[in-house]
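Student: Hi! Could you walk me through this protein with me? I'd like to take it one piece at a time.

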Amino acid sequence: METARVLVAADKFKGSLTAVEVAERVTAGLRRVVPGLAVETLPVADGGDGTVAAAVAAGFERREARVTGPLGDPVTAAYALRGDTAVVEMAEASGLQHLPDGVFAPLTATTYGSGELLKAALEAGATTIVFGVGGSATTDGGAGMLAALGARFLDARGKPVAPGGGPLAELAEADLSGLDPRLADVDLILASDVDNPLTGPKGAPEVYGRQKGASEEDIAVLDAALTHYASILGPDTAALPGAGAAGGIGYGALVALGARFRPGIEVMLDVLGFAPALARATLVVTGEGSLDEQTLHGKAPAGVASAARAAGIEVVAVCGRLALPPEALEKAGIRRAYALADLEPDPAVSMAQAGPLLERAAESIARDFLAG
């Protein structure tokens, strides 16, 4: 009989456990039922927050830089480096985590720090940059990022436009001639779990603006300002998949930096070395905080399950909350899902006790799929 070897390739449980902690807890629960079980852990991410942490867990070196946060204040942001490949996460510089509780700046938040973080990767010698975009506090179309990399955005008086998406309504001229020349020799991969266009009913302001504090009026202002911005930089690119990612930073990367868009989980599985780890496994455990409709559209567990199914390896999932019927799980390639909510129905208690509950869920996996 083949010796069981489990690969734990799960994303974070947002608000309670990092992807690394999820892997540790699942491993502990499995081994409580099957002592000495061979377990390999590969924390994963889909380009959003947690992407750098996943790369570091896979052996990349963590680097830090002081950059401009979304409100203009200095923040410390991390990126990951291995050889000449860097993993840069825009949320590290321009993410919602840098906003004080209850403070939003939908019209003026800037991606300038994301550009500074890309520049730090260039300084470190990176020639391949995986640019994970998600979890942003910004809706500036990547104008701040481009400004940090040498672009100039001027109003009708020849003055620089103010930071943020709202002031782009005043844009008269975009001068990209000063962009860092090293970018021409870099393979920049835009890694995202969303494929929205820049503007319109499915665009960045309409779909994601509210979670960044935008009112209905703000959304209209931002959509008009980004439409105007794109009319100057290149309207055709605005409709490309990924242009609307992270408040339109995807558009800035596509139109001005020569980036190529790929689904974030596909990129990260390549970068993290998932294929060889999968080849060693007899069972895969994936998961994230909430398994729901969004999971099926490019989130980490769907990517892991798809790759594992193609290799003929069984997949089970762990999650805090399960909002998918069995047939949807089966279609995604997930044999069964184990939800913490089934062990503790109170969401607040479940989040606070996520670690011990996850170990109990992993014990159930071991009994159902590994014991005997």
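Tutor: Happy to! Just after helix 11, G312 takes a positive phi of about 75°. Helices (H or I, at least four residues) and strands (E, at least two) are DSSP runs, numbered from the N terminus. This is a predicted model: local features need pLDDT of at least 70, side-chain atom pairs count only at pLDDT 80 or more, and totals for chains, interfaces and linings use all residues. Residues are numbered from 1 along each chain as its sequence is written, and side-chain values use heavy atoms, leaving out hydrogens and water.

Student: Which residues of helix 11 are buried?

Tutor: In helix 11 (residues 300-310), they are A300, P301, A302, G303, V304, A305 and A308. Buried means under 20% relative accessible area, with exposed over 50% and partly exposed in between (1.4 Å probe, protein chains only).

Student: And what do those buried residues pack against?

Tutor: Their partners include helix 9 (264-272), strand 11 (283-291) and strand 12 (314-322). Contact here means heavy atoms within 4.5 Å.

Student: New topic: what's the strand order in the open sheet?

Tutor: The six strands go 3-4-5-6-9-10, with mixed pairing. At the edges are strand 3 (61-68) and strand 10 (260-263), each pairing on one side only. Two strands pair if DSSP finds at least two bridges between them.

Student: How many bridges join strand 3 to strand 4?

Tutor: Eight, and the two strands run antiparallel. For V67, the bridge partner in strand 4 is V75.
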